[in-house]
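User: I would like to learn how to read a structure feature by feature. Can you walk me through this one?

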Amino acid sequence: MYKRQYYYYGWFIQSSVVDRIGGARVDADHAVMAGVVMTSIALITSLLLLSRQMFPDHQLFQSKRYKIIVLLLLVTGVDVIPALGRNIPLWLSGRASYSHTAEWWNEQVTAWTDMVLWVPHHVAAAIAMLSGIMLLRHTADSGKQTYRHVVLAAFAFASCALMSIYLALAAALVCGVWIIECMRRGQRREAGIFLIAGILTLPLALPFMLELRAAHMSGPFPLALGIRRFG
């Protein structure tokens, strides 16, 4: 594991457990690659569940839900246009540049395919975040098993922090905005569900956050705001 990525060890713990249980038949590489495969499957299934929750009666999603989601995961975006604009002159002059690929023409914006292969811990964190949000939304709509679902969602959010602190910050921002929106609409029960889940997440993630802070005591604070650069 890279020295700078020790704060992603939540995802690698699962691979380590499989490695230990497998003994001589399963080494660390096999366990990590199996985790990548399982993360890919979990990404597709979590998006299927999300689409079912967001568009329960949409005819298109009922008939072609799986195909649409899989094809959208293969889309890399319009970054190919500026990338080609930079690469074509280099190709004509007989030179090539790795930094001018579709994912690196400006700053890194990784496509889903490479993301699953290269940074599966971030993808797994996104799955945990989506699972927690879907669980809370289902609880708010159904009104059943409130406490059990809220606790499970808190564990999902804490797992997200353990696998990717960046995704955890995004989850906190999304849930915070959603709580404000629910209060504006008068949906106090749903706002309370999200707020309680967030409060329960703090003690679950606190040991990891303290460890992360202690590792940076000799340097600057590990989090900072910034604006993405454009060439």
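User: Start with charged contacts. How far apart are the closest N and O atoms of D141 and R137?

Analyst: A salt bridge is a side-chain nitrogen of Lys or Arg within 4 Å of a carboxyl oxygen of Asp or Glu. D141 and R137 form one, with their closest N and O atoms 3.4 Å apart. A word on the basis: this is a predicted model, where local features need pLDDT of at least 70, side-chain atom pairs count only at pLDDT 80 or more, and totals for chains, interfaces and linings use all residues. Residues are numbered from 1 along each chain as its sequence is written, and side-chain values use heavy atoms, with hydrogens and water left out.

User: Where do D141 and R137 lie?

Analyst: Helices (H or I, at least four residues) and strands (E, at least two) are DSSP runs, numbered from the N terminus. Both residues belong to helix α6, residues 120–142. They are 4 residues apart, about one turn of the helix.

User: Is D141 buried or exposed?

Analyst: Buried means under 20% relative accessible area, exposed over 50%, and partly exposed in between (1.4 Å probe, protein chains only). D141 has 55%, so it is exposed. R137 is partly exposed at 22%.

User: How do I read the length of α8?

Analyst: Compare its span with the expected one, which is 1.5 Å times one less than the number of residues. Helix α8 covers residues 165–185, 21 residues. From first C-alpha to last it reaches 30 Å, close to the 30 Å expected. Just after α8, G186 takes a positive phi of about 85 degrees.

User: Which residues of α8 are buried?

Analyst: They are I165, L167, A168, A171, C175, I179 and C182. Down the helix axis they fall within an arc of 140 degrees, so they line one face of α8. The arc is taken from the directions from the helix axis to the C-beta atoms. On the other side, L173, I180 and R184 are exposed.

User: How many helices and strands does the chain have?

Analyst: The chain has 9 helices and 0 strands. Of its 231 residues, 33% count as buried.

User: What about aromatic rings?

Analyst: A pair of rings is described by the distance of the centres and the angle of the planes. Rings of Phe, Tyr and Trp (its six-membered ring) pair if their centres lie within 6.5 Å; planes under 30 degrees apart are stacked, over 60 edge-to-face, the rest tilted. The structure holds 1 aromatic pair. W11 and F12 form it, edge-to-face, with 5.3 Å between centres and 90 degrees between planes. W11 is buried at 3% relative accessibility, while F12 is partly exposed at 24%.
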